[in-house]
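Here are my notes on the model, point by point. Please read them with the structure open.

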Amino acid sequence: MGFSLKLQYCLVSVMVLLPAVCYSQDYFVKSRATYYGSPDCLGTPSGACGFGEYGRSVNDANVAGVSRLYKNGTGCGACYQVRCTNPQICADNGVNIVVTDYGEGDNTDFILSPRAYARMARPDTGAHLFAYGVVDVEYQRIPCQYSGYKTQVKVHEHSKYPNYFAIVVLYQAGKSEILSVDIWQEDCKEWIGMRRAYGAVFDMANPPSGDISLRFQVRGSTGLTWVQAPNVIPKYWKAGVAYETDIQLY
């Protein structure tokens, strides 16, 4: 009888702890990856996320286009650890990449920049890895980290002062995803939703005059939250300029 009670207690303890363990556990997903052509081995400034030059060079150009993980643009800016699985030519840790584009390959989840693809290889085996063209990989979501950078809101190059206003968020840290963006309408005293134009770009025709305050609906490690950035964009904003913020995304 004592043994039975102890056994039941152990089973209950395992059942209670198991969900917490599973929730916090990091795990890899099996997939495939390839690479795209680039004259300088960097990313592309014309990626579907709308990052522009940032999308070409961020994270030392270790970037990728994705399809399933693109999530209609909410997947833009996400970071992943990607490692190929052939032990003869593949480095143990693989490469950490930032999603900057949309791309479909041969049953692949990642189309890597040439620089990122090469970083998956062990020393002196890069040529062998490129010869495969498409390789089996495993990947996991990781927090983005940008040492020395705060989150920035860039006024997109297609904006036209004062009648058309478009933005894109740069240096988005953590595991966060920006689901929507609102702009404060001072005369109405209310938040007005911006449109997701494409990728990570949000826009609005005839934006409010004066300094611009924004709020972001963010899905991250703490769940679904709103993060406000008061007066983040100056009254006389300029297309192509990135403005630093104090907001924290996790």
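1. A disulfide here is a pair of cysteine sulfur atoms within 2.5 Å. By this rule the count comes to 3 disulfides. With bonded cysteines counted along the chain, the pattern is 1-2, 3-6, 4-5. This is a predicted model: local features need pLDDT of at least 70, side-chain atom pairs count only at pLDDT 80 or more, and totals for chains, interfaces and linings use all residues. Residues are numbered from 1 along each chain as its sequence is written, and side-chain values use heavy atoms, with hydrogens and water left out.

2. Take cysteine 84 and cysteine 90. Their disulfide has an S to S distance of 2.1 Å. The torsion about the S-S bond is about -120°, so this disulfide is left-handed. Cysteine 84 is buried at 6% relative accessible area, and cysteine 90 is buried at 4%. (Buried means under 20% relative accessible area, exposed over 50%, partly exposed in between, with a 1.4 Å probe and protein chains only.)

3. Cysteine 49 is joined to cysteine 76, S to S 2.1 Å. The link is left-handed, with -90° about the S-S bond. Cysteine 49 lies in the loop between strand S1 (29-35) and H2, and cysteine 76 in the loop between S2 and strand S3 (79-84), so the pair ties together parts 27 residues apart in sequence. Helices (H or I, at least four residues) and strands (E, at least two) are DSSP runs, numbered from the N terminus. Cysteine 49 counts as buried at 0%, and cysteine 76 at 4%.

4. Which hand does the link of cysteine 79 and cysteine 144 have? It is right-handed, with 115° about the S-S bond. The S to S distance is 2.0 Å. Cysteine 79 sits in strand S3 and cysteine 144 in the loop between S6 and S7, 65 residues apart. Both cysteines are buried. Elsewhere, cysteine 41 is partly exposed at 36%, as is cysteine 188 at 45%.

5. Now the rings. Rings of Phe, Tyr and Trp (its six-membered ring) pair if their centres lie within 6.5 Å; planes under 30 degrees apart count as stacked, over 60 as edge-to-face and the rest as tilted. The count comes to 15 aromatic pairs. Phenylalanine 110 and tyrosine 139 are edge-to-face, 5.0 Å centre to centre with 75° between the planes. Phenylalanine 110 lies in strand S5 (residues 110-112) and tyrosine 139 in strand S6 (residues 135-142), so the pair ties together parts 29 residues apart in sequence. Phenylalanine 110 is buried at 0%, and tyrosine 139 is buried at 5%.

6. Tyrosine 149 and tyrosine 171 have ring centres 4.1 Å apart and planes at 10°, so the pair is stacked. Tyrosine 149 is partly exposed at 47%, whereas tyrosine 171 is buried at 15%. Ring pairs link both into a cluster with Phe51, Tyr54 and Tyr146.

7. Please check the backbone at three places. The peptide bond from tyrosine 161 to proline 162 is cis, with omega near 0°. Proline 162 lies in the loop between S7 and S8. Aspartate 60 has a positive phi of about 55° although it is not a glycine, and is partly exposed at 42%. Asparagine 231, also not a glycine, has a positive phi of about 50° and lies in strand S14 (residues 223-233). Most residues other than glycine have a negative phi, and most peptide bonds are trans.
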